[in-house]
Amino acid sequence: MKTFLALAQLFAMIAVGLNHPVSAQRSPKIPNLAGKVQTVWGPIEPSKLGPTLMHEHIFINFKPPTAMLLAPTYVSVLEPQPADPKKRRGLTDFDQSLKAILDFKNIGGGTIVDVSQYGLTRDPLALKLISRVSGLNVVMGSGFYMKSLHPPDMDKLTVEQLTDIIVRDIAVGALGTDIRAGIIGEVGVVGKPLTDNELKSIRASARAARITGAPMSIHNFEPLDEMMKVLDIIESEGVDLHRVVMSHTGGRDVKTMDAIFNRGAYVEWDFMGQAPLPKANDTRVIDSVYAMIQAGHAAQIILSHDVCIQPQLKENGGGGYTYIHEIILPGLKAKGVTDEVIKTIMETNPSRALTFAAPAKPVKQKSKRAG
Ligand SMILES: [Zn+2]
């Protein structure tokens, strides 16, 4: 399997040769992907997705980015992990990640959405390779992560420039490659309060979603009132909220979840399966998902692991990419949830969320202010 590392490095060299400043490029032609899902190997029919994990990181590195957004540089995420499990950080080893996602393939999994983007060392070439080798569909993210991991030129870029960067990822390809993003996210929002850069990032993400028809996934650490403001901004850019996944919101208080359901967005339970297992938390996840199904919200529920750290991998005692299928879904079934509802949550909702809308013109904004 070390060949794949070598192959990825070779692709990396090719990609670096392709990098050139965004400002020097003309506006891209926007493909009409309406009714399709865009994977790293190109558009596919939503019916081909199968069971889908909407919020994962096949590869991730939490190093603050050094490349300027206006001159994006391909940096491979791949580097061997130390032999000592305690010293391992992020998910940067091709063979380790391949082994981990094959577990999902082997239980009938179809698609993994990798929501790394600018900020989490997204690697389009490694994602394309691992999709081919594993046989899983992989959908790649775009946009900007939490403020602590914003690229160094984030302060001075305008909403228009940020929009253009995301649109190119979807319409042309990311980081000098021709590999295209299929979702805008996870868009990092921490808030308390929402900063200018966060407001620019949210607005640019929404505008790019409008222009390309791409879906969105928001990383939410902000309080409810700010979350509603985020949804207001997205809506003001002409994006239907049923194309928006609100990550990290499942299992919060019922008032927060209800507010999101009422706006039409998806509530996502994620970040689970961290060693040591089993966790008391599992019962809480099962109970809160069950309560929301009983309240009639099955069509807006998303479940994913958000695998992003070593203790979540099976080889380190975690639940890996199959924890939901092995622990959470059986727990829901034991409470009487039907196979039909499970299929809604694991297949129908992701395929609906990931399906592109038709490209549209940006909505004219009254004020130039980001927020
Ligand atoms: Zn997140």
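Okay, let's start where two helices touch: Val159, Leu162, Thr163, Ile166, Val167, Ile170 and Ala171 in α4 meet Lys200, Ser201, Arg203, Ala204, Ser205, Arg207, Ala208, Ile211 and Thr212 in α5. Contact here means C-beta atoms, placed from the backbone, within 7 Å. Of the residues in this contact, nine are nonpolar, four polar and three charged. For those classes, Ala, Val, Leu, Ile, Met, Phe, Trp, Tyr, Cys and Pro count as nonpolar, Asp, Glu, Lys and Arg as charged, and the others, Gly among them, as polar.

Before I go on, this is a predicted model, where local features need pLDDT of at least 70, side-chain atom pairs count only at pLDDT 80 or more, and totals for chains, interfaces and linings use all residues. Residues are numbered from 1 along each chain as its sequence is written. Helices (H or I, at least four residues) and strands (E, at least two) are DSSP runs, numbered from the N terminus.

Back to our pair. The axes of α4 (residues 159–171) and α5 (residues 196–212) come within 8 Å and cross at roughly 45 degrees. Axes are lines fitted to C-alpha atoms, for helices over the stretch in contact, and angles run from 0 to 180 degrees between N-to-C directions. The two helices are therefore oblique to each other; that word covers whatever is left once angles under 35 degrees are called roughly parallel, over 145 roughly antiparallel, and 65 to 115 roughly perpendicular.

Now the sheet. Three strands make an open sheet, in the order β3-β4-β5, with parallel pairing. Strands pair if DSSP finds at least two bridges between them. On the edges sit β3 and β5 (137–140), each pairing on one side only. From one strand to the next, the twist averages 20 degrees.

How many bridges join β3 to β4 (residues 111–114)? Three. Threonine 52 is opposite threonine 111 in β4, and glutamate 56 has aspartate 114 as its bridge partner. As for cover, five of the five residues of β3 (residues 52–56) are buried, that is, with 20 or more other C-beta atoms within 10 Å of their own; exposed is 12 or fewer, and partly exposed is in between.

Helices lie across this sheet too. α3 (residues 124–134) lies across β4 and β5, at about 165 degrees to β5. α10 (residues 339–354) lies across β3 and β5, at about 60 degrees to β3.

Last stop: arginine 352, in helix α10.
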